[in-house]
Amino acid sequence: MEYSLVPKVKSIIQDKRKLFYLFSIITLAVPIIIPVFFDPYWIKLYSEILIWSLLAASVNILFGYLGLLSFGQALFFGFGMYGVAIAITKFGFGLWGSFAFGIFASTLMALISGSLAVRLTWHYFAIITVIFSLIFYFVALTWKPITGGDDGLPFSPPNILDLGNFKISLTNSTHQYYFIIFFVLLCYYFILKLLESPLGKAFIAVKENNLKSELIGLDTYKIKLLGFVFAGLIAGVSGCLLAFYGRYASASYMFYHVSGEAVVWTIIGGVGSFLGPIFGTGLLIVLREELSHTWDHYLLIVGALVILIVIFFPNGISGLLKKMLKN
Amino acid sequence: MSEILKITNLSKNFGGMKALDNVNVNFKKNTLSAIIGPNGAGKTTLFNVICGSLKSNTGQILFNDTNITNLPTHKISRLGLGRTLQVKSIFNNLSVRENLYIALQSSRGVFRLSNSLSCEKEINDELLQISDLFNLKDKLDADAGSLSHGDISIIEMAIALCLKPNFLLLDEPICGMGPSETEQTIKIIKKLSKTTDILIIEHDMEAVFSLAEDIVVMSQGSIIAHGTPEQISKDEKVINTYLGEEEEV
């Protein structure tokens with residue numbers, strides 16, 4: 001029995017597409033399986049992990065596939081969040097309109113900041129991404145009438161669907177869960193499509209050898225900019241979803257700590273691994289949930305764990321899993 | 001009209017140093033040309049300026065009568081000017097197959113989410129043809145970076161050829177190779193020269209004189225001689241500045 005199962009598992013792990021289907025099935029089944037064994041609170045936490053994992057995935061697109069280490073993804077996350085919150089509270093948009101507005105705002109911001117940032121490489125690139133996110137963090141913090149500043153901008157979410165008697169609403173936790181995972185899975189599907197596409201292969205070429213890429217006729221600037229905008233879009237969706245989940249937006253989510261956390265999640269999960277960001281985000285959020293109540297200095301444990309993983313498992317959790325399955 | 005590359009009054013300064021000093025030279029079609037000269041003569045700088053990796057200070061470069069002076073590198077590559085580097089440069093962490101694949105994909109455009117089936121088949125067919133030409137068939141699935149220096153140099157030429165260049169600049173293609181690898185590479189270059197115009201920079205005089213039909217000699221950023229191998233081997237200026245030293249040894 002085991003003899004026939006192992007190669008199957010291996011083929012799933014090695015094939016991104018199969019892995020994606022497996023992940024989708026598990027995610028769809030979570031609300032059915034979890035209540036049997038655990039507290040339903042874990043369903044909510046799982047959806048929160050998935051939302052945050054998209055922010056890590058956007059770091060992964062840049063760092064893992066284009067070789068650009070961004071410490072500013074929280075900027076696009078924040079634009080997604082505020083896009084939703086401002087569209088609902090100030091413009092009176094519905095759920096879909098505010099969602100679209102949030103995605104548009106973050107993607108546009110990515111296009112503007114990216115057109116400057118991707119001209120740079122390595123530490124210069126990292127620094128400019130931090131600077132962009134700091135500028136808008138302080139803008140959000142001080143522009144109180146619009147952003148709410150420190151207090152944030154709370155809102156009550158409009159219905160997903162309103163047909164008179166029949167309503168689908170985020171206030172229903174099951175509806176909210178499936179609303180969130182639909183968009184999370186959609187994002188991962190787009191990332192998968194991108195990685196399999198000619199453009200995704202060009203990403204890897206640019207990461208591997210920028211000069212050679214130009215010599216084979218690749219427009220590296222345009223390729224990096226497209227990657228940056230796509231990563232900004234994914235971070236934006238993540239921010240929109242967290243705004244719907246938490247029913248508010250706040251400047252604190254735009255601080256570069258948040259970007260840094262997403263980088264750590266990515267490294268722990270495995271840089272350049274398709275679903276690595278989910279593993280990294282999942283592990284560290286679960287640790288936070290479990291440890292932060294019992295010990296104030298739990299971040300020491302997280303820090304030690306990160307150091308150990310970076311030294312002994314440079315390919316992160318997904319690298320470790322692949323290694324274990326190979327043996 | 002019969003010139004593939006026309007360079008007029010080309011200069012490149014690094015601070016006060018004149019790396020290229022008013023270079024005027026034309027390279028003919030259907031010819032395997034070579035640039036020789038002592039270290040620091042400006043040969044690689046000339047390649048860098050032609051390919052757009054460096055911007056020139058003055059002068060003009062016409063490639064097939066198109067002005068390519070100071071265009072971005074990728075645009076020049078797209079026009080059909082291929083190049084290999086002095087320090088061998090390929091995609092080390094990808095397999096040989098992936099190295100060739102991305103170059104073939106690049107020539108068809110990468111800003112798309114998928115290839116049509118016929119395009120995919122075309123790429124794979126061409127990939128096999130090129131790997132056949134360069135004897136790379138049994139190495140296709142190896143990590144490119146793990147192969148020998150000679151193999152890497154050959155892969156670099158194969159990548160350049162994936163873009164179907166009209167003109168191929170090879171910067172020291174046999175540098176650092178053993179005798180058998182050198183022989184094999186020279187054979188490949190000869191084979192390529194039947195279909196593509198080639199310009200090589202090379203220090204191995206035996207190789208240069210066996211390959212080239214047209215030789216340009218550079219020294220201190222200038223062209224000091226230009227002619228057939230016989231003319232160059234008898235040119236006094238060249239013997240004094242470059243070839244002579246070798247004969248004494």
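## What covers helix α8 of chain A

In this predicted model, the buried residues of α8(A) are covered by elements that include α2 (16-37), α3 (41-65) and α11 (220-246) of chain A. The buried residues themselves are Tyr177(A), Phe179(A), Ile180(A), Ile181(A), Val184(A), Cys187(A), Tyr188(A) and Ile191(A). As a reminder for reading that list, an α-helix has 3.6 residues a turn, so residues three or four places apart point the same way.

Helix α8 of chain A spans residues 173-196, which makes 24 residues. From its first C-alpha to its last it reaches 34 Å, close to the 34 Å expected at 1.5 Å a residue.

## A crossing of two helices in chain A

Helix α3(A) also meets helix α12 (residues 256-269) of chain A: their axes come within 8 Å and cross at roughly 70°. The two helices are therefore roughly perpendicular to each other. On the α3(A) side, the contact is made by Leu55(A), Ala56(A), Val59(A), Asn60(A) and Phe63(A). Helix α12(A) contributes Ala262(A), Val263(A), Trp265(A), Thr266(A) and Gly269(A). Sorted by class, this contact has 7 nonpolar and 3 polar residues, with no charged ones.

## The open sheet of chain B

Now over to chain B, where 6 strands form an open sheet in the order β6-β7-β8-β3-β9-β10, with mixed pairing. Strands β6 (81-83) and β10 (222-227) stand at the edges; each has a single partner strand, so one side of each is left without a neighbour in the sheet. On average, neighbouring strands here are turned by 20° against each other, direction ignored.

Gly82(B) stands opposite Leu168(B) in β7(B). Helix α1 (residues 43-51) of chain B lies across β3 (32-36), β6, β7, β8 (197-201) and β9 (214-219), running at about 145° to β7(B).

Most residues other than glycine have a negative phi.

Asn9(B) lies in strand β1 (residues 3-14) of chain B, and it counts as exposed because it has 11 C-beta neighbours inside 10 Å. Asn135(B) lies in the loop between α4 (117-133) and α5 (149-162) of chain B; with 14 C-beta neighbours inside 10 Å, Asn135(B) counts as partly exposed.

Methods: Residues are numbered from 1 along each chain as its sequence is written. Chains are lettered from A and ligands numbered from 1 in the order in which they are written. This is a predicted model: local features need pLDDT of at least 70, side-chain atom pairs count only at pLDDT 80 or more; totals for chains, interfaces and linings use all residues. Helices (H or I, at least four residues) and strands (E, at least two) are DSSP runs, numbered from the N terminus. A residue is buried if 20 or more other C-beta atoms lie within 10 Å of its own, exposed if 12 or fewer, and partly exposed in between; C-beta atoms are placed from the backbone. The expected span of a helix is 1.5 Å times one less than its number of residues. Two residues are in contact if their C-beta atoms, placed from the backbone, lie within 7 Å. Axes are lines fitted to C-alpha atoms, for helices over the stretch in contact, and angles run from 0 to 180 degrees between N-to-C directions. Angles under 35 degrees count as roughly parallel, over 145 as roughly antiparallel, 65 to 115 as roughly perpendicular and the rest as oblique. Ala, Val, Leu, Ile, Met, Phe, Trp, Tyr, Cys and Pro count as nonpolar, Asp, Glu, Lys and Arg as charged, and the others, Gly among them, as polar. Two strands pair if DSSP finds at least two bridges between them.
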